[in-house]
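Subject: Structure for you to look through

Hi,

Here is the structure I promised to pass on. Please open it and keep it beside you as you read. My notes follow below.

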Amino acid sequence: MLTNILTVAALAASALAHGDHENQIPIQGPHKALWYNTLPGDGGTQADSVFSGISTFGRLPYFPCLASDDVKYDIAFIGTSQESCSISQIKDPQSSRKLGFSGGYNVPLETNPFNSWATVLDCGDIPVTSYDNTWALHQIEEGHNSILSRAPATDSKKKGPAKNDKTLPRVITLGGDHTITLPLLRSINRAYGPVSVIHFDSHLDTWKPKVFGGSPSKVASINHGTYFYHAAQEGLLANDTNIHAGIRTTLSGPSDYENDGYCGFEIVEAREIDTIGMDGIIKKILDRVGTTKPVYLSLDIDTLDPAFAPATGTPETGGWSTRELRTIIRGLEGINLIAADIVEVAPAYDTNAEHTTMAAADALYEIMSLMVKKGPLSLMMDEAGELKEEI
């Protein structure tokens, strides 16, 4: 009897609750303002956890640019890997994702590359085969050129420094082995013609194939120590306006330097920082490439001393500190960077604190800041539609 009474009471309560269902006030979840508050001062937003969301460089918006051209951008980050090195970990929480954590404002350069006139995207990666080196280089060139040759989000109708007076977006490539710079320069050449190159590295990378690797085949002749030799032979480099910075490698002999000169490069040795200082190094680079021509920047992470960047394939002692490299990069304010790459980061060799990937991400942050501070590439042109003259 008691069981029957309880059952009826329960059913009655259920029916009563169901009958009042239309009059119930739904329970609302927490308001989004609890997470996304507008802050005073410069109008930023509340810092989010560095580990939340998908992994993109600097927590940038992601769009698969190679799968669709529906989104426009002014600066695109793309990844590509070739041979044994990878840059994927630069996008992880301890590396680039902390860059915008406190707002992203670059104090020395007085700019915020994450909150500016520029639309900046992480465009994902270029798919690259690991079974055919020649085809991999072709894939990198075509993928890069597809990203590079589109109309930018800003000033797409204005005259620019590219062929046919076009204004193009800038592309920053997060690469693997330094060999990728050759197909990237081939892509740049298709859009701009020969360009001036700033090359941060501890090695020359202009060796003749028979000197570096023996050149047993055409495929083997293109590698991470010969790609600039091939770039010079293919006419991708502007004559006598290219420069290495941070060099400290051993040589096969003095003729290596002679060959480097034939390839169109000047050399800044790493040890020169002890005599001419960072300001002297900056001056040599600016004097060499100028501030009117299109410039490509290639940064090998082994420019840094292994104490600061151990995770690279060919470390050389006697390099610069992370602070020195970042200061030198910032000193290049005013040059017309049209594109850049960072290479030779090998995360498998990194410390638990990820010193190398963090240093690489911070160097990229400085490069991106230079691009944003300079403005759209259309600003390279004067009122007559010609490249502005050197000041």
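Start with the cavity. Its lining is made by D74, W117, P152, T154, T167, L168, P169, R170, P376 and L377 in this predicted model. How many cavities of 30 Å³ or more does the whole structure hold? The search finds 1. What kinds of residue line the largest cavity? By class, 6 are nonpolar, 2 are polar and 2 are charged.

Next, the helix pairs. Two packed helices are described by the angle between their axes and the distance between the axes.

**α2 and α3**

Helix α2 covers residues 133-148, and helix α3 covers residues 181-192. They pack at an angle of about 40°, with their axes 8 Å apart. That angle is why α2 counts as oblique to α3. The crossing of α2 and α3 is right-handed. From α2, the contact uses L137, I140, E141, E142, H144, N145 and L148. From α3, it uses P183, L184, R186, S187, I188, R190, A191 and Y192. By class, this contact has 8 nonpolar, 3 polar and 4 charged residues.

**α6 and α7**

Helix α6 spans residues 277-289, and helix α7 spans residues 322-330. Their axes come within 9 Å and cross at roughly 40°. So α6 is oblique to α7. The crossing of α6 and α7 is right-handed. Which residues make the contact? On α6, they are M278, I281, I282 and I285. On α7, they are E324, T327 and I328. The contact of α6 with α7 divides into 5 nonpolar, 1 polar and 1 charged.

**α7 and α8**

Stay on α7 for the last pair. Helix α8 takes in residues 355-374. The axes of α7 and α8 come within 9 Å and cross at roughly 15°. Are these two helices roughly parallel or oblique? Angles under 35 degrees count as roughly parallel, so α7 and α8 are roughly parallel to each other. The crossing of α7 and α8 is right-handed. T322, R326, I329 and R330 of α7 meet a set of residues in α8. That set is A359, D362, A363, Y365, E366, I367 and L370. By class, the contact of α7 with α8 has 6 nonpolar, 1 polar and 4 charged residues.

Best wishes

How values were computed. Residues are numbered from 1 along each chain as its sequence is written. This is a predicted model: local features need pLDDT of at least 70, side-chain atom pairs count only at pLDDT 80 or more; totals for chains, interfaces and linings use all residues. Side-chain values use heavy atoms; hydrogens and water are left out. On a 1 Å grid over the protein atoms alone, a cavity is a set of points where a 1.4 Å probe fits but cannot get out, and a pocket is an open set with protein on both sides within 12 Å along at least five of seven lines; lining residues have an atom within 4 Å of a point. Grid points are joined across faces, edges and corners, and a volume is the space filled by probe spheres set on the points. Ala, Val, Leu, Ile, Met, Phe, Trp, Tyr, Cys and Pro count as nonpolar, Asp, Glu, Lys and Arg as charged, and the others, Gly among them, as polar. Axes are lines fitted to C-alpha atoms, for helices over the stretch in contact, and angles run from 0 to 180 degrees between N-to-C directions. Helices (H or I, at least four residues) and strands (E, at least two) are DSSP runs, numbered from the N terminus. Angles under 35 degrees count as roughly parallel, over 145 as roughly antiparallel, 65 to 115 as roughly perpendicular and the rest as oblique. A crossing is left-handed if the near helix is turned anticlockwise from the far one by less than a right angle, and right-handed if clockwise. Contact means heavy atoms within 4.5 Å.
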